[in-house]
Amino acid sequence: MEKLKRVVIVGGGIGGLTLGLALRKKGLETKVFEKYDHFQHHRTGFLIWSYAIKVLQGLDVDVDRVGAPLEVFEVHGRKGQPLTEMPIGTVSREFGADSYEINRRALIEKMSEMVGPDLAAGKNCISVESFADHAVAHFEDGTSAEGDVVIGCDGANSTVRNFIHEHVELRMLNAGGWIAVLDQHPPGLKPNRHMDFWEPGIKAGVADIGNGQARWYVGMNGALPSADRSIVEQIMEAVPVLPPVLQQCLDLTDEKEMVSVTGGDLLALEPWYKGRVMILGDAAHATSPYAGMGACAAIADAGRLAELTDDCSDITEMFQRFQDERKPLTDAIIQGSRDSLHMSTGRCRIENWFRDLKMAHIPDQAMHKIVADMVNGN
Ligand SMILES: Cc1cc2nc3c(=O)[nH]c(=O)nc-3n(C[C@H](O)[C@H](O)[C@H](O)COP(=O)(O)OP(=O)(O)OC[C@H]3O[C@@H](n4cnc5c(N)ncnc54)[C@H](O)[C@@H]3O)c2cc1C
């Protein structure tokens with residue numbers, strides 16, 4: 001058995017930082033190389049479900065400093081009317097950890113601090129190579145880094161992925177929108193809540209992310225954000241019935257703080273490795289954001305890969321086992337996110353009426369199962 005000692009990680013996002021901390025805890029020498037030498041200006045937030053929070057807490061990441069436990073996920077229907085309240089907090093705790101709404105930039109800053117000198121910023125990876133007994137990442141500044149393996153955690157537009165698959169592109173979904181973080185709570189949002197609105201052609205949400213902050217988003221299906229027009233105008237046009245809490249968010253957010261996003265994914269990409277180079281997180285299985293699972297999947301990938309370093313007899317076995325275990329789960333997440341986009345933003349009046357009726361009458365036991373699947377990443 002070749003003992004894995006040195007790991008080069010490309011990308012200091014949520015997947016790369018989690019992997020850096022998890023491998024260091026296993027006693028491996030790791031170095032994380034991040035393209036940017038500054039935290040990018042825009043602030044966004046995300047929902048991290050219980051199963052991924054457990055991984056972060058196991059690495060001593062203090063999620064309470066950067067987010068708030070989510071108690072209730074409200075779903076509102078085609079006319080903005082309340083349909084159901086999902087008991088996220090109660091069910092999450094049954095499985096051992098709360099789910100959290102998180103300020104993404106604060107989390108990345110915190111985890112970067114924890115990785116400390118093992119994080120090298122301003123290192124744009126331009127290519128990788130794999131040899132019989134080592135792998136190398138090359139950077140734009142002319143330097144390179146050598147390890148027993150190179151793991152690409154460099155996101156949806158991964159450079160490392162090009163070594164395994166040339167010319168792979170995201171499948172874009174003709175869907176997109178805006179996200180933002182607010183330094184105050186809109187009056188219509190209660191603490192520890194997420195309010196989701198499923199209206200014809202749009203899915204919007206507002207959530208408490210702790211520390212007096214909130215995040216909101218508007219996602220459109222069948223339309224993309226335009227850089228040439230006022231964002232608020234575009235949102236007012238796209239949202240059929242503007243919920244008061246979303247209006248409050250728009251009133252309280254400077255347009256410069258609204259980040260445009262478009263939805264795309266990489267369903268069924270394989271393999272995830274070649275020689276001594278592997279990819280994980282969005283680099284391997286980018287998903288559209290509508291199921292709110294991509295970051296959770298990157299965190300779970302990192303936690304599982306670190307565990308496999310103890311269990312496998314060689315690197316190929318480790319990479320193959322990782323892919324065999326994680327790929328069916330992440331393919332299901334990507335498909336689930338596509339389905340969620342269609343379910344929440346459908347334009348057919350009869351289907352929406354029927355969906356709302358069903359959502360409003362979910363029996364307790366069935367609701368428990370739905371929430372249990374979400375908090376466990378199934
Ligand atoms: C609008 C929106 C909402 C979302 N909401 C949720 C949610 O609620 N819950 C959830 O779980 N997920 C959510 N996601 C998905 C989630 O953001 C991604 O799945 C997650 O960030 C993937 O993590 P990653 O570490 O693989 O990639 P990234 O977070 O993209 O990190 C990649 C890192 O690699 C760096 N990098 C890129 N290229 C190079 C290079 N050549 N050299 C060195 N470094 C490089 C980048 O700068 C970046 O720091 C959302 C996504 C979007 C767009």
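**Entry 1: a proline in a loop**

I started at P271, which sits in the loop between β17 and β18 (273-274). Strands here are DSSP runs of E with at least two residues, helices are runs of H or I with at least four residues, and both are numbered from the N terminus. The bond joining E270 and P271 is a cis peptide, with omega at about 5 degrees. Before going on, I noted that this is a predicted model, where local features need pLDDT of at least 70 and side-chain atom pairs count only at pLDDT 80 or more, while totals for chains, interfaces and linings use all residues. Residue numbers start from 1 along each chain as its sequence is written.

**Entry 2: positive phi**

The loop between β17 and β18 also holds A268. Its phi is near 70 degrees, a positive value in a residue other than glycine. Most residues other than glycine have a negative phi, and most peptide bonds are trans. I then checked H167, not a glycine either, and found a positive phi of about 60 degrees. H167 belongs to the loop between α5 (161-164) and β13.

Are these two buried or exposed? I used C-beta atoms placed from the backbone: 20 or more others within 10 Å means buried, 12 or fewer means exposed, and in between is partly exposed. A268 has 11 inside 10 Å and counts as exposed.

**Entry 3: the seven-stranded sheet**

I traced an open sheet in the order β6-β5-β14-β15-β16-β13-β17, with mixed pairing. Pairing takes at least two DSSP bridges between two strands. Which strands stand at the edges? They are β6 (82-86) and β17 (259-265); each has a single partner strand, so one side of each is left without a neighbour in the sheet. The twist from one strand to the next averages 20 degrees.

At the β6 end, β5 (residues 72-76) pairs with β6 in the antiparallel sense over four bridges. E74 stands opposite E85 there.

Helix α10 (residues 315-345) lies across β13 (171-182), β14 (193-199), β15 (202-210), β16 (213-221) and β17, at about 110 degrees to β15. For such angles, axes are lines fitted to C-alpha atoms (for helices, over the stretch in contact), and the range is 0 to 180 degrees between N-to-C directions.

**Entry 4: the three-stranded sheet**

Another open sheet runs β9-β10-β11, with antiparallel pairing. β9 (125-130) and β11 (144-147) are its edges, each with a single partner strand, so one side of each has no neighbour in the sheet. I found four bridges between β10 (residues 135-139) and β11. One residue I looked up there was A135, whose bridge partner in β11 is G147.

**Entry 5: the core**

The largest nonpolar core has 113 residues. Such a core is a set of buried Ala, Val, Leu, Ile, Met, Phe, Trp, Tyr and Cys residues joined through C-beta atoms within 7 Å. Among those with the most contacts inside it are I48, A52 and C296. Helix α9 gives the most to this core, nine residues. Leaving out residues up to four places away in sequence, C296 touches I48, W49, Y51, A52 and G377; contact means C-beta atoms within 7 Å.

**Entry 6: around the ligand**

How many residues surround the ligand? I got 33, the closest being G11, G13, G155, G281 and G294; near means a C-beta atom, placed from the backbone, within 6 Å. The largest share of this shell, four residues, comes from α9.

Technical notes. Two residues are in contact if their C-beta atoms, placed from the backbone, lie within 7 Å.
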